[in-house]
Structures are given as structure tokens and as C-alpha cells.
Amino acid sequence: MLLRKFNFLLTAIAGLAAIIRLRGFDTHYLLSSDTARDILTAKGAVLLHQLPWVGSFSSSGPFVFGPNWYWQLMLPQILFPDLFLGPWLLMFVISLLFVVVMGLCGRLLGGKRLGLFVALLSAISPAVIGLSAYATQHAMVEIFSGLTLLGFLAFLKTRRLLFAFLMAVSIGAAISYHYQAINLLPYYPVLIGLYFWKNRKVKDNLKLILVLIFGSFIFLFLLLLWDSTRGFANTLHLIGYFKVGQYQIYVPNSWRIYLLTFWPGFLGKLTGGDF
């Protein structure tokens, strides 16, 4: 009975999220130069019956992302070729899925009440609402970050390798969409460490590691295969950026700015306004 009530309320929150996101949707969707480039590339791939092997170039350095974003943009153009807002409506659906995923994460973390609270917060958060109208590849990191957390929490609760696989696939997919998702990599040592703390059997830990490796490379395989035919130039340029290139871009480093400007602004946009 309580589970049915939770599912009903979670569905109602998702419905509220849909109403908030659809209100004036045709006037607030984002059409940037990057979005226009990606949609035209995907449309060209559909018309030419070609499947892209790689994605767009990064603005940070001479390396490219995986092709998954182009594939995603191709889908609405194949199914609804005359629907201009197709890519944005797909992001709208993904945003609703994020609300549900966060509700499930909250339930695993602290029970049904916390799950409903987190889902409601995701439904009304300006930061999350904004991403529902952004047809940009870094906006996809949101849903895969949520799925990563869901797989992480579910595995720790059930010890089922399927959820570890979900976490690994989500991290690999997020990185393929945008390299900012490399920040999700700490999930691996934390999960392995917590599992090893409870289960010292070498065979079980080896299974977990193999599942994580396999899941991670599903979405990255095609990019790495393409890169291997070019002397792994893409990977080497990415490593070079992290070792040298990122430090050549001036960023003001100040704990005062970080504590008094960044966090109040971030929390304000996340929870419903700005401090």
C-alpha cells in the first residue's frame, strides 16, 4: 500500500514537472550556434544515410566527443522529420525521467519521504528546468549523473551486479557525451572500496571490476576504435589538456569567490531562486 502511494505521488510530481516545463516551451527553448551546428549535422547524417563515428570538437582543445549526441539528435529527425522542436521535446522527456530517477535515489538513500522531497526539488529547480530546454550535449550529463547515483546506491543496497553495470554504463555514456563527466570517475574507487570492505572474496571483487570495465566501454568503444586508427591522437590531446592546456586558461582562484559567490548562487538556482 505504501509503495503504491509512493508511486502515485512520484507520478504526480513528474506530472507537475511536465506542466512547469511545457508552459511557454515554444518561447524559451535554447537555440545556440552549437545546437544549430549539431542539429544540422544530425540532419545531414539522416539525409545521407550515414552514421557519425565521432561527435563535435571541444571548445577547450583539439579533441572530439563521442558520437552519441549526434545519434540522439538523429532519432527525432528519423521519427518526426517535420517536427522542428523534436530535439528539445526529447530533452523535455529526459528531464522528466531525471525527476523520477532522483526520486528513486532519494528513496534508496533515506526512505520514501526523502525520495518524494528530492523528486519535488528536481521538478521545481530552475537549474534542472533550464536544462530541459537545452539541446546541448553537456545537458545530457544530468540524466547520466542521476543514473550513476541510482546504480551506485542500488548496488550498495542489493549487491546485484546489474546495478554496478548500470552505474558503469552511465559513467561511460556521460563521458562520451561530454568530458566534464570525468568528474564521475571517483564513483569507481568508492564503490570498489565499499564492496571490498564488506566482501573480501577475491572472485567476487574481480567480477565487480570486470563488470565495471565492460560497462564503461560500451559507449566509448566506437570513439576509441576510431581513435586507434589515428594513433590515439584524440586521447593524447585530451591527456595533454589535463596536464598542461587547462592551466593556460586564466581562471580567478579565490576561496572568497568560491564560498561567498559560487555556492550561494549555485544553491539559489538549484532550489528556486538566487540569494
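Modeller: Let us begin with burial: a residue is buried under 20% relative accessible area, exposed over 50% and partly exposed in between, with a 1.4 Å probe and protein chains only. In this structure Tyr241 is buried, at a relative accessible area of 17%. The model is a predicted one, in which local features need pLDDT of at least 70 and side-chain atom pairs count only at pLDDT 80 or more, while totals for chains, interfaces and linings use all residues. Residues are numbered from 1 along each chain as its sequence is written, and side-chain values use heavy atoms, with hydrogens and water left out.

Biologist: What does the secondary structure of the protein chain come to?

Modeller: Helices (H or I, at least four residues) and strands (E, at least two) are DSSP runs, numbered from the N terminus. By that reading the protein chain has 14 helices and zero strands. The radius of gyration, taken over C-alpha atoms, is judged against the globule rule, 2.2 Å times the number of residues to the power 0.38. For the protein chain the radius is 20 Å, close to the 19 Å that the rule gives for 275 residues, so the chain is as compact as a globular protein of that length. The C-alpha trace spans about 55 × 55 × 45 Å along its principal axes.

Biologist: How are the surface and the charges of the protein chain to be read?

Modeller: Accessible areas come from the Shrake-Rupley method with a 1.4 Å probe, and for residues only the protein chains shown count as cover. The protein chain has an accessible surface of about 15900 Å², and 71% of that belongs to carbon and sulfur atoms. Of its 275 residues, 42% count as buried. For charges, Lys and Arg count as positive and Asp and Glu as negative, with His and the chain ends not counted. The place of a charge is NZ of Lys, CZ of Arg, CG of Asp or CD of Glu. Here there are 21 positive and 8 negative side chains, and the centres of the two sets lie 18 Å apart.

Biologist: How many aromatic pairs does the structure hold?

Modeller: Rings of Phe, Tyr and Trp (its six-membered ring) pair if their centres lie within 6.5 Å; planes under 30 degrees apart count as stacked, over 60 as edge-to-face and the rest as tilted. The structure holds 11 such pairs. One of them joins Phe144 and Tyr177, which are tilted, at 5.5 Å centre to centre and 35 degrees between the planes. Phe144 belongs to helix 8 (residues 141-158) and Tyr177 to helix 9 (residues 161-177), so this pair ties together parts that are 33 residues apart in sequence. Phe144 is buried at 13% relative accessible area, and Tyr177 is buried at 6%.

Biologist: Why is the pair of Tyr241 and Phe242 edge-to-face?

Modeller: The ring centres of Tyr241 and Phe242 are 5.5 Å apart and their planes stand at 70 degrees, so the pair is edge-to-face. Phe242 is partly exposed, with a relative accessible area of 33%. Ring pairs also link Phe63, Phe65, Tyr179, Tyr241 and Phe242 into a cluster.

Biologist: Which residues is Ala123 in contact with, leaving aside its neighbours within four places in sequence?

Modeller: Contact means heavy atoms within 4.5 Å. Across the protein chain, among contacts between residues at least 6 apart in sequence, 69% join residues at least 24 apart. Ala123, in helix 6 (residues 112-124), is in contact with Ile13, Ala17, Ile20, Arg21, Val99 and Ile129, its neighbours within four places left aside. Ala123 is buried, at 0% relative accessible area. Not counting residues up to four places away in sequence, Ser122 touches Arg21, Phe98, Val99, Met102 and Val128.

Biologist: Where is Arg159 placed, and what is its phi?

Modeller: Backbone angles are read residue by residue. Arg159 is in the loop between helix 8 and helix 9, and has a positive phi of about 65 degrees although it is not a glycine. Arg159 is partly exposed, at 33% relative accessible area. Phe232 likewise has a positive phi, of about 55 degrees, without being a glycine. Phe232 lies in the loop between helix 12 (221-228) and helix 13 (233-243), and is partly exposed at 39%.
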